Amino acid sequence: MAETVTDPELPTLTLADLGVLRDVRIERGTVVVEITPTYTGCPAMGVMRADLLHALHSAGHRDVEVRTVLAPAWTTDWITVTGRRKLAEGGIAPPGPAPDRPEGPIPLRLGSTRRTAACPLCGSPDTVEISEFGATACKALRRCRACLEPFEHVKEI
Amino acid sequence: MAHEETVYEALDHASGGEGHWAFGTGFDEPLAGVDTTVPDGVDPVDLGTYCLMLGDDALVLAQRLTQWVTAAPELEEEVAIANVALDLLGQARLLLARAGSVGVLGRSRSRATASIPDEDALAYFREPDEFRSTALVAAPNGDFARTMARLLVAATIRLAVFARLRESRDSVLAAIAAKGVNELTYHRDHAGRWLLRLGDGTAESHRRAQDGVDTVWPLLADVFTPTDVETRLTAAGVAVDPATVRAEVQAVLGEVLGRATLRLPDWPADTAPRGRAGEHGPELGDLLADLQGLARQHPAATW
């Protein structure tokens, strides 16, 4: 049941597709659901939590607890194969592999980003980044040079 | 499940249709289910105070950045600034909730109604002298170049601190830092690219970028000086002594400014902590009046 709950801002994807749903188990008669935020400030967390409670209550589970898990931090690598396919079908380019996380100082990147993404509309690999920050915290904005359409790209984190 | 007409109706289902406090998110307990045990040998008041330092920096800078919304030079940049502010607000929320979880609430709890969560009580119901943010984040934005110069400096320092804080003995701080590092890397590099574009742009953009850097640099006088709280918590393996990030911060800023063809100003002489000790200029009070005014006038408002 918890696996069918969808993301409020990407409604074709379930929380499981996104890798936000970390665990569902029963502890002494209570359904315990663990979710992790994509970004620290993700305003959709409250809605996700409420949707989960609503779905499980509607399914007849009276005692439900939704817990937040902060560690390990969410990464786009947790978006499932199904999730990536659904993103592309919805016109949003799925993320590439997440960047390495070095233990020491984080290297500075001042050049244009090396990120690439094929256009989810026409399939052309010839696309350019317009902005690293899009309409939601998790997306960047790109434009296709072949079909000229702008599109969103879930940025690697 | 019967799906709601709008996603926001779902919020009402969860709370029995009671509505939500208008100035929060309606999502209580950002640390719900997180183990908030204080590590052995650590004074909870020190831990909470340190969380206020890191949380207030994020809250105040988020508020400053938000002042660009509707006024940024281009739409994409406005969205970028709002995204950076939102990330910082998220960090502030968790850090202030962590302070609340160990009972560090200052005078806020006596002013805020009981229904207001700790982190919102801390944000909206403390006086300026209870804030632990530095002057670096409270300073007015100035023009766009100065805003980017300040964001570059603030994000560089915060990223260097958070990268080390991933090893904190406090598991909550370590988790917040690990998430924050991923976000702050985007903030620092974004501001750095703007400095390059402005510094190595036209004569006018270069002049403004240099002016921005020259205005921001004096604000660095107290950012590398640890407070007693930071010194004690660093010894306990919980905090990061800001003095230990100085070399890395100066190297990063030197590299950006060099590539941006900007002159590196002299580093100011170290002073005792001011903002971290609750000493602030009038600009913080003005900013907080904006941030807190509505919540204080309608302290139990819901929508």
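Q: How many salt bridges does the rule find across the interface of chain A and chain B?

A: A salt bridge here is a side-chain nitrogen of Lys or Arg within 4 Å of a carboxyl oxygen of Asp or Glu. By that rule, two salt bridges cross the interface of chain A and chain B. In one salt bridge, the side chain of Asp189(B) meets that of Arg109(A) at 3.2 Å, N to O. Bear in mind that this is a predicted model, where local features need pLDDT of at least 70, side-chain atom pairs count only at pLDDT 80 or more, and totals for chains, interfaces and linings use all residues. Side-chain values use heavy atoms, with hydrogens and water left out.

Q: And how many residues are in contact between the two chains?

A: Contact means heavy atoms within 4.5 Å. Here 49 residues of chain A are in contact with 51 residues of chain B.

Q: How do I read the packing of helix H8 and helix H9 of chain B?

A: Two packed helices are described by the angle between their axes and the distance between the axes. Axes are lines fitted to C-alpha atoms, over the stretch in contact for helices, and angles run from 0 to 180 degrees between N-to-C directions. Helices are DSSP runs (H or I, at least four residues), numbered from the N terminus. H8 (residues 171-199) and H9 (residues 203-216) of chain B pack at about 130°, with axes 7 Å apart. That makes H8(B) oblique to H9(B); angles under 35 degrees count as roughly parallel, over 145 as roughly antiparallel, 65 to 115 as roughly perpendicular and the rest as oblique. Among the residues making the contact are Leu195(B) of H8(B) and Val213(B) of H9(B).

Terms used
Residues numbered from 1 in each chain as written. Chains lettered and ligands numbered in written order. Helix = DSSP H or I, 4+ residues; strand = E, 2+ residues; numbered from the N terminus.
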